[in-house]
Amino acid sequence: MKTEGLKMEGLETEGLKTDAVPQGRPTEEPETGHFRFDNAEVRRRDRLLDEESARELLRRGEYGVLSMVAEQGEAYGIPLSYVWDGAGCIYVHCAPEGQKLRCVDRVPEVSFCVVGATKVVPARFTTAYESVVVRARAVRGIPVEERWMALRLLLEKYAPGECETGLHYAERSFARTEILRLEILAVSAKCKRVK
């Protein structure tokens with residue numbers, strides 16, 4: 001295995017066994033809008049989170065961090081409320097203008113990270129955690145029916161006892177609301193259990 005090839009792929013091999021580093025990436029872009037679970041590139045094989053647990057974390061997570069490329073090429077990440085449709089899309093709502101929309105207009109490929117339960121364990125100098133990283137393509141201008149479906153899903157997740165009131169509120173502010181669809185390209189997940 002050539003180190004130069006790995007550096008070009010953005011992987012560092014210093015201090016790692018070469019058999020722990022993936023042997024390259026698929027040549028074809030994965031189909032969008034499907035939950036394609038792929039832990040192949042997770043370096044620490046002893047910390048893999050299985051697909052069922054990853055799905056559960058994505059379903060119940062309180063928020064996720066959307067990471068994008070900003071206008072001048074710098075990184076930009078922002079925590080957001082979200083909902084996963086249980087299949088191949090994540091939805092976030094926002095104002096119809098702003099930095100995140102300018103970012104996805106320029107570069108629609110994004111990363112979305114959800115962190116679940118964490119616990120600092122000072123005596124062991126470590127932290128127990130679970131996380132899911134989604135590679136996705138952000139889409140704006142989705143159809144009105146899909147926007148309403150996303151708002152309903154968000155209400156069912158964050159305000160289950162207030163859906164009717166929430167829909168009335170959403171109706172009044174619908175024109176001032178943008179919904180981003182994050183079409184899932186690939187999902188990986190990691191955890192650390194501390195006993």
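How many of the 15 residues of strand 8 are buried? I counted buried as under 20% relative accessible area, with a 1.4 Å probe and protein chains only. The answer is 13, so strand 8 is largely enclosed by the rest of the structure.

A note on what I'm looking at: this is a predicted model, where local features need pLDDT of at least 70, side-chain atom pairs count only at pLDDT 80 or more, and totals for chains, interfaces and linings use all residues. Residues are numbered from 1 along each chain as its sequence is written, and side-chain values use heavy atoms, leaving out hydrogens and water.

Next I looked up the strand's partners. Strands are DSSP runs of E with at least two residues, numbered from the N terminus, and two of them pair if DSSP finds at least two bridges between them. Strand 7 (residues 126-139) pairs with strand 8 in the antiparallel sense over 11 bridges, and A136 stands opposite I184. Strand 4 (residues 89-94) also runs antiparallel to strand 8, joined by 6 bridges; here H93 faces I179.

Then I checked E178, which lies in strand 8. E178 is buried, at 10% relative accessible area. Its side chain makes a polar contact of 3.3 Å with that of R140; the term means a pair of N or O atoms within 3.5 Å, and within protein one must be able to donate a hydrogen and the other to accept it, while residues adjacent in sequence count only if both atoms are side-chain atoms.

Last, I looked at L182. Not counting residues up to four places away in sequence, L182 touches I90, V110 and F112, among others, with contact meaning heavy atoms within 4.5 Å.

Key: Helix = DSSP H or I, 4+ residues; strand = E, 2+ residues; numbered from the N terminus. Buried < 20%, exposed > 50% of the residue type's maximum accessible area, 1.4 Å probe, protein only.
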